[in-house]
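Subject: Structure handover

Hello,

Here is the structure for you to look through. Please open it alongside this message, and then read the notes under it.

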Amino acid sequence: SDPTTESTETAPPAETAAIADSHWIAQTADHILGVMEASRSTWQMWHVRAEAQRQVRTADVPVERASAWVDLLVDEVLNRRSVALSAPADNVEEPEVLRRVDGSSVYTVAGAALYTSQRILDTEVRLVAAAGRRGGASVESTAVDLALLEMAANGTALDAGQASLVRQMCTSGARVELAIAPAGAGKTTAMRALTLAWTEDGGQVIG
């Protein structure tokens, strides 16, 4: 049985409405957090407020209560479901005259604080741990050579940097590899060669 249903059956109408409202706020705050996590690794108050406003607009919320509900949602997401990321301390103590009512420095940008979630922090820990591990799948160097030759035969010869990138990523056995280069450096072309080498050696590539 649903304890919320049991409690609302015997509660006065005003209390029943409050329980329903708090249930909606909690559910919607969970949804907003999911939207943040799906689109970014960190967020600011403005991102959460914009999504809260979208959610309130689609709900049957009286106009006079909409602003209060948005504030409740922002508070739920930022203060109860998010992790505040603190900037490194600059060790400067401003005098009282240079502080806002909430104690923050007038030199900080209001609403610029960054937040993330415990799920994202846990994911980053797993990625960092995986980045230090070896023993992953790799491709035979002959398969890499054949893939590079096939690319060249089809009119796409890789330069030395691209070829080195493909060889490193195919043969290192690292669990996590990064390909970092400026736009236009040929990363996409290098990845085509890597995919060719990997699949020709019997592997599977998911893009």
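The notes below go from the whole chain to single residues.

This is a predicted model, in which local features need pLDDT of at least 70, side-chain atom pairs count only at pLDDT 80 or more, and totals for chains, interfaces and linings use all residues. Residues are numbered from 1 along each chain as its sequence is written, and side-chain values use heavy atoms, with hydrogens and water left out.

Confidence. The predictor's confidence in each residue is its pLDDT, on a scale from 0 to 100. The average for the protein chain is 86, and 88% of the residues score at least 70. Over residues 1–8 the pLDDT stays under 50, and the model has five contacts for them beyond four places in sequence. A contact here means heavy atoms within 4.5 Å.

Overall build. The protein chain has eight helices and two strands. Both kinds of element are DSSP runs numbered from the N terminus: helices are H or I with at least four residues, strands are E with at least two. Read from the N terminus, the order is α-α-α-α-β-β-α-α-α-α. Of the contacts in the protein chain with a separation of 6 or more, 69% join residues 24 or more positions apart.

Surface. The protein chain has an accessible surface of about 13500 Å², and carbon and sulfur atoms hold 56% of it. The areas come from the Shrake-Rupley method with a 1.4 Å probe, and for residues only the protein chains shown count as cover. Among the 207 residues, 25% are buried. Buried means under 20% relative accessible area, exposed means over 50%, and partly exposed lies in between (1.4 Å probe, protein chains only).

Helix α4. This helix covers residues 63–81, which is 19 residues, and spans 26 Å from its first C-alpha to its last, close to the 27 Å expected at 1.5 Å a residue. The expected span is 1.5 Å times one less than the number of residues. Its buried residues are W69, V70, L73, V74, E76, V77 and L78. D75 is also in helix α4, but D75 is partly exposed because its relative accessibility is 28%. Between D75 and M45 there are 9.3 Å in space, C-alpha to C-alpha, and 30 residues in sequence.

The aromatic pair. How many aromatic pairs does the structure hold? There is one aromatic pair. The ring centres of W24 and W69 are 4.9 Å apart and the planes are at 40°, so this pair is tilted. The pair links distant parts of the chain, since W24 is in helix α2 (residues 13–39) and W69 is in helix α4, 45 residues apart. Rings of Phe, Tyr and Trp (its six-membered ring) pair if their centres lie within 6.5 Å; planes under 30 degrees apart are stacked, over 60 edge-to-face, and the rest tilted. W24 is partly exposed at 23% relative accessible area, whereas W69 is buried at 9%.

T116. This residue is in strand β2 (residues 114–116) and is buried, with a relative accessible area of 2%. A polar atom of the T116 side chain lies 2.8 Å from the backbone oxygen of S41. Leaving aside residues up to four places away in sequence, T116 touches S41, T42, W43, S82, V83, L85 and L121.

Q162. Helix α7 (residues 160–171) contains Q162, which is buried at 12% relative accessibility. With residues up to four places away in sequence not counted, Q162 touches A157, A185, G186, T189 and A190.

Regards

Technical notes: A polar contact is a pair of N or O atoms within 3.5 Å; within protein, one must be able to donate a hydrogen and the other to accept it, and residues adjacent in sequence count only if both atoms are side-chain atoms.
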